[in-house]
Amino acid sequence: MDRPPSPPPELTGVVSTDPDARRSVAGSRGPIWMVPAAVARPRHIDEVAAVVAWCAAEGLPLTPRGAGTGMPGGNVGRGLVLDLTAMDGLELRADGAMVAGAGAVAATADALARERSRHFPALPSSAPWCTFGGMISTDAAGARTFSYGPTHRWTDALRVVMSDGSIQTLRREAAPADSAPWAGLHATLRSLELPAPPAVRKNVSGYAVDRFLATGDPIDLIAGSEGTLVVVAEGTFRTEPLPESQGVALVGVPELDALPELTARAESSGASACEYFGRRLLELGRLLDDPRVSRLDVRAGALLVEYAGSPEHVAAGLALWDDEAITASDPETVGEIWGLRHAASPSIAHAAGDRRSIQFIEDAAVPRSALPAYLRGVQAALDRHGVDAVLFGHAGDGHLHINPLIDLRLPEWKETVRGVMEEVIDLVAELGGTLSGEHGDGRIRAGGLARIWSAPHCRAFRAVKAALDPQGLLNPGVVLGEQAADPLEGLAEGPDLQRLVKPILPSTD
Ligand SMILES: Cc1cc2nc3c(=O)[nH]c(=O)nc-3n(C[C@H](O)[C@H](O)[C@H](O)COP(=O)(O)OP(=O)(O)OC[C@H]3O[C@@H](n4cnc5c(N)ncnc54)[C@H](O)[C@@H]3O)c2cc1C
(Lines give C-alpha, C1' and ligand atoms only; values in the text may rest on other atoms or scores of the structure.)
Protein backbone atom coordinates (compact mmCIF):
# COMPACT_ATOMS: atom_id res chain seq x y z
CA MET A 1 0.00 0.00 0.00
CA ASP A 2 1.16 3.59 -0.69
CA ARG A 3 1.66 5.94 2.23
CA PRO A 4 -1.55 6.07 4.31
CA PRO A 5 -3.44 9.37 4.54
CA SER A 6 -2.47 11.72 7.40
CA PRO A 7 -4.59 11.16 10.49
CA PRO A 8 -6.80 13.98 11.81
CA PRO A 9 -5.40 16.07 14.72
CA GLU A 10 -7.41 14.19 17.38
CA LEU A 11 -5.55 10.99 16.47
CA THR A 12 -2.07 12.48 16.89
CA GLY A 13 -0.14 10.16 19.19
CA VAL A 14 -2.58 7.31 18.49
CA VAL A 15 -1.69 6.56 14.84
CA SER A 16 1.92 5.95 13.85
CA THR A 17 3.69 5.16 10.58
CA ASP A 18 7.06 4.70 12.26
CA PRO A 19 8.81 1.68 10.59
CA ASP A 20 9.69 0.02 13.95
CA ALA A 21 6.12 0.41 15.21
CA ARG A 22 4.82 -1.15 11.99
CA ARG A 23 7.29 -4.05 12.12
CA SER A 24 6.36 -4.73 15.75
CA VAL A 25 2.89 -5.85 14.60
CA ALA A 26 3.90 -7.47 11.29
CA GLY A 27 4.31 -10.93 12.78
CA SER A 28 2.44 -13.15 15.18
CA ARG A 29 2.79 -16.57 16.79
CA GLY A 30 1.32 -17.89 13.56
CA PRO A 31 3.46 -18.14 10.43
CA ILE A 32 2.18 -15.17 8.34
CA TRP A 33 4.22 -11.95 8.15
CA MET A 34 2.75 -8.68 6.75
CA VAL A 35 4.07 -5.19 7.40
CA PRO A 36 1.13 -2.75 7.77
CA ALA A 37 1.02 0.81 6.45
CA ALA A 38 0.23 2.21 9.91
CA VAL A 39 -0.44 1.24 13.51
CA ALA A 40 -2.95 2.76 15.92
CA ARG A 41 -2.78 2.25 19.69
CA PRO A 42 -6.03 3.59 21.19
CA ARG A 43 -6.45 3.86 24.97
CA HIS A 44 -10.24 3.97 25.23
CA ILE A 45 -13.34 3.19 23.21
CA ASP A 46 -13.79 6.75 21.89
CA GLU A 47 -10.34 6.60 20.32
CA VAL A 48 -11.19 3.21 18.78
CA ALA A 49 -14.35 4.72 17.31
CA ALA A 50 -12.39 7.73 15.98
CA VAL A 51 -9.81 5.48 14.30
CA VAL A 52 -12.51 3.28 12.71
CA ALA A 53 -14.48 6.33 11.50
CA TRP A 54 -11.31 7.81 10.00
CA CYS A 55 -10.44 4.52 8.25
CA ALA A 56 -14.02 4.33 6.91
CA ALA A 57 -13.82 7.90 5.56
CA GLU A 58 -10.43 7.24 3.91
CA GLY A 59 -11.19 3.69 2.70
CA LEU A 60 -8.21 2.39 4.71
CA PRO A 61 -8.49 -1.35 5.60
CA LEU A 62 -8.06 -2.12 9.27
CA THR A 63 -6.97 -5.18 11.23
CA PRO A 64 -7.89 -5.32 14.93
CA ARG A 65 -5.24 -7.04 17.01
CA GLY A 66 -4.68 -8.24 20.57
CA ALA A 67 -1.55 -10.08 21.68
CA GLY A 68 -0.86 -11.55 18.24
CA THR A 69 -0.96 -15.18 19.42
CA GLY A 70 -3.55 -16.13 16.79
CA MET A 71 -2.35 -18.70 14.26
CA PRO A 72 -3.95 -18.29 10.81
CA GLY A 73 -2.97 -14.68 9.98
CA GLY A 74 -6.09 -12.79 11.10
CA ASN A 75 -3.96 -10.53 13.29
CA VAL A 76 -1.78 -9.09 10.51
CA GLY A 77 -2.71 -6.94 7.52
CA ARG A 78 -1.41 -4.45 4.98
CA GLY A 79 -3.60 -1.49 5.98
CA LEU A 80 -3.81 -0.13 9.55
CA VAL A 81 -3.27 -2.49 12.46
CA LEU A 82 -5.41 -1.47 15.44
CA ASP A 83 -3.43 -2.68 18.45
CA LEU A 84 -5.83 -2.88 21.42
CA THR A 85 -3.35 -4.06 24.05
CA ALA A 86 -3.36 -0.73 25.92
CA MET A 87 -7.07 -1.19 26.71
CA ASP A 88 -6.32 -3.69 29.45
CA GLY A 89 -8.68 -2.61 32.26
CA LEU A 90 -9.98 -5.41 34.51
CA GLU A 91 -12.60 -5.43 37.23
CA LEU A 92 -14.00 -8.45 39.04
CA ARG A 93 -17.50 -7.52 40.17
CA ALA A 94 -19.12 -8.78 43.38
CA ASP A 95 -21.31 -11.18 41.36
CA GLY A 96 -18.18 -12.83 39.89
CA ALA A 97 -18.49 -11.20 36.46
CA MET A 98 -15.23 -9.98 34.95
CA VAL A 99 -15.39 -6.67 33.08
CA ALA A 100 -12.37 -6.80 30.78
CA GLY A 101 -10.97 -4.32 28.28
CA ALA A 102 -10.17 -5.82 24.87
CA GLY A 103 -6.46 -5.82 25.74
CA ALA A 104 -6.77 -7.47 29.18
CA VAL A 105 -4.69 -10.64 29.34
CA ALA A 106 -6.51 -13.91 30.08
CA ALA A 107 -4.11 -15.21 32.74
CA THR A 108 -4.14 -11.87 34.61
CA ALA A 109 -7.93 -12.02 34.75
CA ASP A 110 -7.89 -15.64 35.82
CA ALA A 111 -5.38 -14.87 38.59
CA LEU A 112 -7.67 -12.07 39.81
CA ALA A 113 -10.60 -14.49 39.86
CA ARG A 114 -8.53 -17.09 41.74
CA GLU A 115 -7.93 -14.59 44.54
CA ARG A 116 -11.66 -15.05 45.16
CA SER A 117 -11.58 -18.83 44.58
CA ARG A 118 -13.11 -18.45 41.13
CA HIS A 119 -11.78 -19.09 37.63
CA PHE A 120 -12.47 -18.43 33.94
CA PRO A 121 -13.18 -21.95 32.60
CA ALA A 122 -12.65 -21.29 28.86
CA LEU A 123 -8.98 -20.41 29.38
CA PRO A 124 -6.83 -21.28 26.31
CA SER A 125 -3.27 -22.65 26.60
CA SER A 126 -2.06 -19.23 25.41
CA ALA A 127 -3.58 -17.58 28.51
CA PRO A 128 -0.28 -16.00 29.65
CA TRP A 129 -0.38 -13.72 26.59
CA CYS A 130 -3.74 -13.71 24.78
CA THR A 131 -6.33 -10.97 25.31
CA PHE A 132 -10.08 -11.04 25.85
CA GLY A 133 -10.59 -9.14 22.55
CA GLY A 134 -8.70 -11.90 20.73
CA MET A 135 -10.48 -14.63 22.67
CA ILE A 136 -14.02 -13.52 21.88
CA SER A 137 -13.03 -12.73 18.28
CA THR A 138 -11.72 -16.28 17.79
CA ASP A 139 -14.23 -17.79 20.25
CA ALA A 140 -11.16 -19.25 21.93
CA ALA A 141 -11.46 -22.59 23.61
CA GLY A 142 -9.32 -24.54 25.98
CA ALA A 143 -8.82 -28.08 27.13
CA ARG A 144 -11.83 -27.71 29.44
CA THR A 145 -14.09 -26.62 26.58
CA PHE A 146 -14.83 -30.36 26.49
CA SER A 147 -17.16 -29.77 29.44
CA TYR A 148 -17.42 -25.97 29.82
CA GLY A 149 -17.74 -24.77 26.22
CA PRO A 150 -15.76 -21.98 24.50
CA THR A 151 -15.54 -18.24 25.22
CA HIS A 152 -18.97 -17.24 23.84
CA ARG A 153 -20.69 -19.41 26.45
CA TRP A 154 -19.03 -17.25 29.17
CA THR A 155 -19.71 -13.88 27.54
CA ASP A 156 -22.60 -11.80 28.88
CA ALA A 157 -22.04 -8.41 27.23
CA LEU A 158 -19.82 -6.68 24.69
CA ARG A 159 -19.11 -3.05 23.82
CA VAL A 160 -18.23 -2.93 20.16
CA VAL A 161 -17.33 -0.40 17.51
CA MET A 162 -19.21 -0.99 14.27
CA SER A 163 -17.55 -0.59 10.87
CA ASP A 164 -18.85 2.99 10.49
CA GLY A 165 -17.34 4.04 13.84
CA SER A 166 -20.58 3.94 15.85
CA ILE A 167 -20.59 2.29 19.29
CA GLN A 168 -23.04 -0.43 20.39
CA THR A 169 -23.51 -2.10 23.76
CA LEU A 170 -24.81 -5.66 23.41
CA ARG A 171 -26.23 -7.56 26.38
CA ARG A 172 -27.47 -11.12 26.30
CA GLU A 173 -30.69 -10.42 28.16
CA ALA A 174 -31.59 -7.40 26.03
CA ALA A 175 -32.80 -9.24 22.87
CA PRO A 176 -30.69 -6.95 20.65
CA ALA A 177 -31.69 -8.87 17.53
CA ASP A 178 -34.69 -6.53 17.48
CA SER A 179 -32.43 -3.59 16.62
CA ALA A 180 -30.50 -2.58 13.48
CA PRO A 181 -28.55 -4.02 11.79
CA TRP A 182 -29.10 -7.32 13.60
CA ALA A 183 -32.85 -7.76 13.01
CA GLY A 184 -32.60 -7.33 9.23
CA LEU A 185 -29.64 -9.68 9.07
CA HIS A 186 -31.48 -12.30 11.13
CA ALA A 187 -34.43 -12.14 8.71
CA THR A 188 -32.12 -12.46 5.68
CA LEU A 189 -30.43 -15.52 7.16
CA ARG A 190 -33.79 -17.12 8.00
CA SER A 191 -34.80 -16.81 4.36
CA LEU A 192 -31.73 -18.78 3.20
CA GLU A 193 -32.95 -22.12 4.65
CA LEU A 194 -29.52 -23.40 5.62
CA PRO A 195 -28.81 -27.14 5.70
CA ALA A 196 -27.31 -28.65 8.87
CA PRO A 197 -23.72 -27.52 9.56
CA PRO A 198 -20.88 -30.10 9.96
CA ALA A 199 -21.68 -32.44 12.89
CA VAL A 200 -18.66 -31.51 15.00
CA ARG A 201 -18.38 -30.45 18.64
CA LYS A 202 -16.28 -27.33 17.93
CA ASN A 203 -16.42 -25.09 14.89
CA VAL A 204 -15.18 -21.52 14.41
CA SER A 205 -14.84 -21.71 10.65
CA GLY A 206 -16.95 -19.22 8.67
CA TYR A 207 -19.42 -17.18 10.73
CA ALA A 208 -21.61 -18.70 13.45
CA VAL A 209 -24.79 -18.17 11.45
CA ASP A 210 -26.49 -21.30 12.77
CA ARG A 211 -25.93 -20.18 16.37
CA PHE A 212 -27.13 -16.64 15.60
CA LEU A 213 -30.24 -18.05 13.91
CA ALA A 214 -30.98 -20.18 16.98
CA THR A 215 -30.48 -17.49 19.64
CA GLY A 216 -30.92 -14.21 17.75
CA ASP A 217 -28.09 -12.84 19.88
CA PRO A 218 -25.42 -10.74 18.10
CA ILE A 219 -22.81 -11.81 20.69
CA ASP A 220 -23.13 -15.32 19.27
CA LEU A 221 -22.36 -14.04 15.77
CA ILE A 222 -19.49 -11.77 16.82
CA ALA A 223 -17.81 -14.67 18.65
CA GLY A 224 -15.30 -16.13 16.23
CA SER A 225 -15.65 -13.38 13.62
CA GLU A 226 -11.89 -12.62 13.72
CA GLY A 227 -12.07 -8.84 13.56
CA THR A 228 -13.99 -8.88 10.28
CA LEU A 229 -17.40 -7.65 11.53
CA VAL A 230 -16.83 -5.32 14.52
CA VAL A 231 -14.04 -4.18 16.82
CA VAL A 232 -14.53 -5.41 20.38
CA ALA A 233 -13.58 -2.77 22.93
CA GLU A 234 -14.76 -4.36 26.18
CA GLY A 235 -16.65 -7.40 27.45
CA THR A 236 -18.29 -8.86 30.52
CA PHE A 237 -17.34 -12.48 31.10
CA ARG A 238 -18.66 -14.89 33.72
CA THR A 239 -16.34 -16.72 36.09
CA GLU A 240 -17.32 -19.60 38.32
CA PRO A 241 -16.19 -21.11 41.63
CA LEU A 242 -13.03 -23.20 41.46
CA PRO A 243 -13.72 -26.92 41.61
CA GLU A 244 -13.19 -28.47 45.04
CA SER A 245 -10.72 -31.00 43.70
CA GLN A 246 -9.09 -32.17 40.49
CA GLY A 247 -7.51 -35.38 39.29
CA VAL A 248 -5.93 -36.60 36.07
CA ALA A 249 -5.45 -39.95 34.40
CA LEU A 250 -2.67 -40.37 31.83
CA VAL A 251 -4.04 -43.15 29.64
CA GLY A 252 -2.05 -45.18 27.11
CA VAL A 253 -3.55 -45.36 23.59
CA PRO A 254 -2.49 -48.75 22.17
CA GLU A 255 -4.01 -48.12 18.70
CA LEU A 256 -5.80 -45.26 16.95
CA ASP A 257 -8.99 -47.30 16.68
CA ALA A 258 -9.30 -47.13 20.48
CA LEU A 259 -9.79 -43.33 20.42
CA PRO A 260 -13.58 -43.17 19.84
CA GLU A 261 -14.26 -45.56 22.75
CA LEU A 262 -11.75 -43.92 25.11
CA THR A 263 -13.02 -40.40 24.39
CA ALA A 264 -16.66 -41.51 24.70
CA ARG A 265 -15.83 -43.06 28.07
CA ALA A 266 -14.26 -39.77 29.20
CA GLU A 267 -17.42 -37.88 28.20
CA SER A 268 -19.92 -40.28 29.71
CA SER A 269 -18.01 -40.35 33.01
CA GLY A 270 -18.17 -36.55 33.32
CA ALA A 271 -14.51 -35.73 32.55
CA SER A 272 -13.70 -32.01 32.32
CA ALA A 273 -10.95 -32.45 29.70
CA CYS A 274 -9.74 -35.15 27.33
CA GLU A 275 -6.47 -34.28 25.58
CA TYR A 276 -4.33 -36.31 23.18
CA PHE A 277 -0.52 -36.54 22.96
CA GLY A 278 0.47 -38.11 19.64
CA ARG A 279 3.32 -40.61 19.64
CA ARG A 280 5.67 -38.12 17.89
CA LEU A 281 5.05 -35.50 20.59
CA LEU A 282 5.96 -38.07 23.25
CA GLU A 283 9.16 -38.82 21.30
CA LEU A 284 10.15 -35.21 20.60
CA GLY A 285 9.47 -34.19 24.17
CA ARG A 286 11.46 -37.21 25.38
CA LEU A 287 8.43 -38.29 27.34
CA LEU A 288 8.84 -41.97 26.42
CA ASP A 289 11.64 -42.18 29.00
CA ASP A 290 9.49 -40.59 31.70
CA PRO A 291 8.93 -43.38 34.28
CA ARG A 292 5.22 -42.53 34.38
CA VAL A 293 4.78 -42.80 30.61
CA SER A 294 7.02 -45.86 30.12
CA ARG A 295 4.56 -47.97 32.18
CA LEU A 296 1.79 -47.37 29.64
CA ASP A 297 1.01 -48.86 26.24
CA VAL A 298 1.55 -45.69 24.20
CA ARG A 299 2.05 -47.19 20.73
CA ALA A 300 -0.54 -44.72 19.36
CA GLY A 301 -0.01 -41.95 21.92
CA ALA A 302 -1.60 -41.06 25.26
CA LEU A 303 -4.71 -39.30 26.58
CA LEU A 304 -4.86 -36.91 29.50
CA VAL A 305 -8.30 -37.23 31.09
CA GLU A 306 -9.19 -34.73 33.82
CA TYR A 307 -11.99 -34.77 36.38
CA ALA A 308 -12.92 -31.68 38.38
CA GLY A 309 -15.56 -31.27 41.08
CA SER A 310 -16.31 -33.01 44.34
CA PRO A 311 -13.67 -35.46 45.67
CA GLU A 312 -16.20 -38.28 45.14
CA HIS A 313 -16.72 -37.36 41.46
CA VAL A 314 -12.95 -37.17 40.89
CA ALA A 315 -12.28 -40.49 42.64
CA ALA A 316 -15.07 -42.26 40.74
CA GLY A 317 -13.80 -40.89 37.42
CA LEU A 318 -10.17 -41.87 38.02
CA ALA A 319 -11.20 -45.35 39.16
CA LEU A 320 -12.52 -46.04 35.66
CA TRP A 321 -9.01 -45.85 34.22
CA ASP A 322 -7.06 -47.72 36.91
CA ASP A 323 -6.13 -50.66 34.68
CA GLU A 324 -4.68 -48.72 31.76
CA ALA A 325 -3.46 -45.44 33.22
CA ILE A 326 -1.48 -43.67 35.87
CA THR A 327 -3.69 -41.41 37.93
CA ALA A 328 -3.00 -38.50 40.26
CA SER A 329 -5.04 -36.09 42.34
CA ASP A 330 -2.33 -34.30 44.31
CA PRO A 331 -2.02 -30.72 42.99
CA GLU A 332 1.70 -30.98 42.28
CA THR A 333 1.51 -34.03 39.98
CA VAL A 334 -1.71 -32.75 38.36
CA GLY A 335 0.10 -29.46 37.62
CA GLU A 336 3.14 -31.29 36.23
CA ILE A 337 1.07 -33.41 33.87
CA TRP A 338 -0.89 -30.38 32.63
CA GLY A 339 2.45 -28.57 32.15
CA LEU A 340 3.41 -31.19 29.56
CA ARG A 341 0.26 -30.43 27.57
CA HIS A 342 0.47 -26.63 27.79
CA ALA A 343 4.09 -26.72 26.67
CA ALA A 344 3.29 -28.61 23.47
CA SER A 345 3.41 -25.78 20.88
CA PRO A 346 6.47 -23.93 22.20
CA SER A 347 8.26 -27.22 22.86
CA ILE A 348 7.67 -28.42 19.31
CA ALA A 349 9.00 -25.12 17.96
CA HIS A 350 12.23 -25.63 19.92
CA ALA A 351 12.56 -29.32 19.15
CA ALA A 352 12.19 -28.65 15.43
CA GLY A 353 15.92 -27.92 15.11
CA ASP A 354 16.65 -26.52 11.65
CA ARG A 355 13.04 -27.00 10.62
CA ARG A 356 10.19 -24.64 11.48
CA SER A 357 6.94 -25.69 13.12
CA ILE A 358 4.39 -24.11 10.78
CA GLN A 359 0.68 -24.14 11.52
CA PHE A 360 -1.36 -24.39 8.33
CA ILE A 361 -3.44 -27.55 8.92
CA GLU A 362 -3.34 -27.26 12.70
CA ASP A 363 -6.95 -26.83 13.66
CA ALA A 364 -9.44 -29.11 11.92
CA ALA A 365 -12.19 -30.85 13.89
CA VAL A 366 -14.01 -34.00 12.75
CA PRO A 367 -16.83 -36.11 14.20
CA ARG A 368 -15.22 -38.09 17.05
CA SER A 369 -15.99 -41.41 15.37
CA ALA A 370 -13.82 -40.25 12.43
CA LEU A 371 -10.71 -39.56 14.55
CA PRO A 372 -8.84 -42.76 13.55
CA ALA A 373 -9.56 -42.18 9.83
CA TYR A 374 -8.55 -38.53 10.19
CA LEU A 375 -5.27 -39.30 11.94
CA ARG A 376 -4.38 -42.05 9.45
CA GLY A 377 -5.32 -39.85 6.49
CA VAL A 378 -3.25 -36.91 7.75
CA GLN A 379 -0.26 -39.15 8.42
CA ALA A 380 -0.54 -40.63 4.91
CA ALA A 381 -0.63 -37.13 3.37
CA LEU A 382 2.40 -36.07 5.43
CA ASP A 383 4.28 -39.23 4.44
CA ARG A 384 3.50 -38.72 0.75
CA HIS A 385 5.12 -35.29 0.99
CA GLY A 386 7.98 -36.41 3.26
CA VAL A 387 6.94 -34.12 6.13
CA ASP A 388 7.51 -34.82 9.82
CA ALA A 389 4.75 -33.51 12.12
CA VAL A 390 3.56 -33.49 15.68
CA LEU A 391 -0.09 -34.29 16.48
CA PHE A 392 -1.80 -33.44 19.74
CA GLY A 393 -4.87 -31.68 21.10
CA HIS A 394 -8.47 -31.89 22.11
CA ALA A 395 -9.36 -35.48 21.18
CA GLY A 396 -12.49 -35.41 23.34
CA ASP A 397 -13.88 -32.77 20.96
CA GLY A 398 -12.63 -34.56 17.82
CA HIS A 399 -10.26 -31.60 17.38
CA LEU A 400 -6.53 -32.11 16.89
CA HIS A 401 -3.60 -29.78 16.36
CA ILE A 402 -1.10 -30.82 13.71
CA ASN A 403 2.17 -28.96 13.59
CA PRO A 404 4.21 -29.93 10.50
CA LEU A 405 7.95 -29.33 10.79
CA ILE A 406 9.02 -27.75 7.51
CA ASP A 407 12.57 -27.51 6.25
CA LEU A 408 12.72 -23.99 4.79
CA ARG A 409 16.12 -24.71 3.24
CA LEU A 410 14.48 -26.93 0.63
CA PRO A 411 13.59 -24.91 -2.49
CA GLU A 412 10.25 -26.70 -2.90
CA TRP A 413 9.08 -26.21 0.70
CA LYS A 414 6.16 -23.94 -0.19
CA GLU A 415 4.82 -26.38 -2.78
CA THR A 416 5.12 -29.15 -0.19
CA VAL A 417 3.02 -27.07 2.22
CA ARG A 418 0.46 -26.43 -0.50
CA GLY A 419 0.26 -30.12 -1.38
CA VAL A 420 -0.27 -31.23 2.23
CA MET A 421 -2.84 -28.51 2.79
CA GLU A 422 -4.88 -29.46 -0.28
CA GLU A 423 -4.96 -33.12 0.71
CA VAL A 424 -5.95 -32.37 4.29
CA ILE A 425 -8.78 -30.02 3.21
CA ASP A 426 -10.13 -32.83 0.98
CA LEU A 427 -9.86 -35.29 3.86
CA VAL A 428 -11.67 -33.00 6.31
CA ALA A 429 -14.45 -32.44 3.76
CA GLU A 430 -14.79 -36.19 3.12
CA LEU A 431 -15.06 -36.91 6.86
CA GLY A 432 -17.72 -34.23 7.44
CA GLY A 433 -15.38 -32.05 9.51
CA THR A 434 -14.50 -28.36 9.68
CA LEU A 435 -11.23 -26.55 8.99
CA SER A 436 -11.10 -24.78 12.35
CA GLY A 437 -12.20 -25.85 15.81
CA GLU A 438 -10.79 -22.86 17.70
CA HIS A 439 -8.10 -20.80 15.91
CA GLY A 440 -10.27 -19.48 13.09
CA ASP A 441 -9.91 -19.40 9.30
CA GLY A 442 -7.72 -16.31 9.20
CA ARG A 443 -6.04 -15.81 5.83
CA ILE A 444 -4.64 -19.33 5.44
CA ARG A 445 -7.95 -21.22 5.48
CA ALA A 446 -10.27 -18.59 3.98
CA GLY A 447 -9.91 -20.00 0.46
CA GLY A 448 -10.94 -23.50 1.60
CA LEU A 449 -14.37 -22.63 3.01
CA ALA A 450 -16.37 -23.44 -0.12
CA ARG A 451 -15.04 -27.02 -0.04
CA ILE A 452 -16.34 -27.55 3.49
CA TRP A 453 -19.49 -25.46 3.73
CA SER A 454 -22.67 -25.76 1.64
CA ALA A 455 -23.41 -23.11 -1.01
CA PRO A 456 -26.24 -21.62 1.15
CA HIS A 457 -23.84 -21.33 4.09
CA CYS A 458 -21.29 -19.54 1.91
CA ARG A 459 -24.07 -17.17 0.76
CA ALA A 460 -25.00 -16.62 4.41
CA PHE A 461 -21.39 -15.72 5.31
CA ARG A 462 -21.32 -13.11 2.53
CA ALA A 463 -24.68 -11.72 3.67
CA VAL A 464 -23.29 -11.30 7.19
CA LYS A 465 -20.25 -9.42 5.94
CA ALA A 466 -22.34 -7.22 3.62
CA ALA A 467 -24.72 -6.28 6.46
CA LEU A 468 -22.07 -5.46 9.06
CA ASP A 469 -19.13 -4.21 7.01
CA PRO A 470 -20.56 -3.04 3.66
CA GLN A 471 -17.32 -1.26 2.70
CA GLY A 472 -15.27 -4.40 3.39
CA LEU A 473 -12.77 -2.48 5.54
CA LEU A 474 -12.53 -4.77 8.56
CA ASN A 475 -9.79 -7.33 8.03
CA PRO A 476 -10.32 -7.95 4.29
CA GLY A 477 -9.15 -11.41 3.17
CA VAL A 478 -9.80 -12.94 6.60
CA VAL A 479 -12.60 -15.56 6.93
CA LEU A 480 -13.89 -14.66 3.45
CA GLY A 481 -10.95 -14.92 1.08
CA GLU A 482 -10.32 -12.37 -1.62
CA GLN A 483 -10.37 -13.55 -5.21
CA ALA A 484 -6.97 -14.69 -6.44
CA ALA A 485 -5.44 -14.28 -2.97
CA ASP A 486 -2.62 -16.70 -2.21
CA PRO A 487 -3.42 -18.37 1.14
CA LEU A 488 0.32 -18.71 1.72
CA GLU A 489 1.19 -15.03 1.15
CA GLY A 490 3.72 -13.95 3.77
CA LEU A 491 4.17 -17.54 5.03
CA ALA A 492 7.34 -17.93 7.14
CA GLU A 493 8.71 -14.60 5.83
CA GLY A 494 9.24 -13.20 9.33
CA PRO A 495 11.08 -14.46 12.42
CA ASP A 496 9.78 -17.56 14.23
CA LEU A 497 8.19 -15.88 17.25
CA GLN A 498 7.26 -19.24 18.79
CA ARG A 499 10.92 -19.86 19.51
CA LEU A 500 10.96 -16.82 21.78
CA VAL A 501 8.78 -18.70 24.27
CA LYS A 502 10.78 -20.80 26.69
CA PRO A 503 9.89 -24.48 26.29
CA ILE A 504 9.00 -26.52 29.34
CA LEU A 505 9.70 -29.88 27.75
CA PRO A 506 13.37 -30.65 27.13
CA SER A 507 14.29 -29.64 23.59
CA THR A 508 16.30 -31.74 21.17
CA ASP A 509 18.29 -28.68 20.05
C1 LIG B 1 1.21 -21.46 22.47
C2 LIG B 1 -0.16 -21.17 21.99
C3 LIG B 1 -1.24 -21.88 22.52
C4 LIG B 1 -2.54 -21.62 22.07
N5 LIG B 1 -3.55 -22.30 22.65
C6 LIG B 1 -4.83 -22.03 22.29
C7 LIG B 1 -5.90 -22.70 22.92
O8 LIG B 1 -5.72 -23.51 23.83
N9 LIG B 1 -7.16 -22.40 22.50
C10 LIG B 1 -7.41 -21.45 21.53
O11 LIG B 1 -8.58 -21.20 21.21
N12 LIG B 1 -6.40 -20.81 20.93
C13 LIG B 1 -5.12 -21.05 21.28
N14 LIG B 1 -4.10 -20.38 20.67
C15 LIG B 1 -4.40 -19.37 19.63
C16 LIG B 1 -4.59 -17.92 20.18
O17 LIG B 1 -3.91 -17.77 21.39
C18 LIG B 1 -6.07 -17.58 20.36
O19 LIG B 1 -6.69 -17.52 19.08
C20 LIG B 1 -6.31 -16.24 21.08
O21 LIG B 1 -7.68 -16.10 21.34
C22 LIG B 1 -5.83 -15.03 20.31
O23 LIG B 1 -5.81 -13.93 21.20
P24 LIG B 1 -4.88 -12.67 20.88
O25 LIG B 1 -5.12 -11.62 21.90
O26 LIG B 1 -3.47 -13.09 20.73
O27 LIG B 1 -5.48 -12.20 19.50
P28 LIG B 1 -4.75 -11.89 18.07
O29 LIG B 1 -3.87 -13.01 17.74
O30 LIG B 1 -4.09 -10.56 18.21
O31 LIG B 1 -5.99 -11.82 17.14
C32 LIG B 1 -6.69 -12.99 16.79
C33 LIG B 1 -7.89 -12.61 15.90
O34 LIG B 1 -8.83 -11.86 16.66
C35 LIG B 1 -9.03 -10.57 16.09
N36 LIG B 1 -9.07 -9.61 17.20
C37 LIG B 1 -8.18 -9.48 18.23
N38 LIG B 1 -8.62 -8.54 19.09
C39 LIG B 1 -9.79 -8.06 18.59
C40 LIG B 1 -10.71 -7.07 19.01
N41 LIG B 1 -10.53 -6.40 20.15
N42 LIG B 1 -11.80 -6.84 18.26
C43 LIG B 1 -12.02 -7.53 17.10
N44 LIG B 1 -11.16 -8.46 16.65
C45 LIG B 1 -10.08 -8.74 17.38
C46 LIG B 1 -7.85 -10.34 15.16
O47 LIG B 1 -8.20 -9.47 14.08
C48 LIG B 1 -7.53 -11.75 14.71
O49 LIG B 1 -8.35 -12.10 13.62
C50 LIG B 1 -2.78 -20.63 21.07
C51 LIG B 1 -1.70 -19.91 20.55
C52 LIG B 1 -0.41 -20.17 21.00
C53 LIG B 1 0.73 -19.38 20.43
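View 1. A nitrogen atom of the ligand lies 3.1 Å from an N or O atom in the side chain of Glu-438. A ligand nitrogen atom is also 3.5 Å from a polar backbone atom of Gly-227. At Thr-138, an N or O atom of the side chain is 3.0 Å from an oxygen atom of the ligand. Of the 970 Å² of accessible area that the ligand has on its own (Shrake-Rupley method, 1.4 Å probe), the protein covers 98%. This is a predicted model, in which local features need pLDDT of at least 70 and side-chain atom pairs pLDDT 80 or more, while totals for chains, interfaces and linings use all residues. Residues are numbered from 1 along each chain as its sequence is written, and side-chain values use heavy atoms, without hydrogens and water.

**View 2. The shell around the ligand.** The ligand is surrounded by 34 residues (a heavy atom within 4 Å); Pro-64, Thr-69, Ser-126, Thr-131 and Ala-141 are the closest. The shell comprises 13 nonpolar, 17 polar (Gly among them) and 4 charged residues. Helix α4 contributes the most, 5 residues.

**View 3. An open sheet of 7 strands.** The strands (DSSP E runs of at least two residues) pair antiparallel (at least two bridges) in the order β15-β12-β14-β13-β17-β18-β16. Strands β15 (325–328) and β16 (356–357) each have a single partner, so one side of each is left without a neighbour in the sheet. Strand β12 (245–252) pairs with β15 over 4 bridges, and Val-248 stands opposite Ala-328 in β15.

Definitions and conventions
A polar contact is a pair of N or O atoms within 3.5 Å; within protein, one must be able to donate a hydrogen and the other to accept it, and residues adjacent in sequence count only if both atoms are side-chain atoms.
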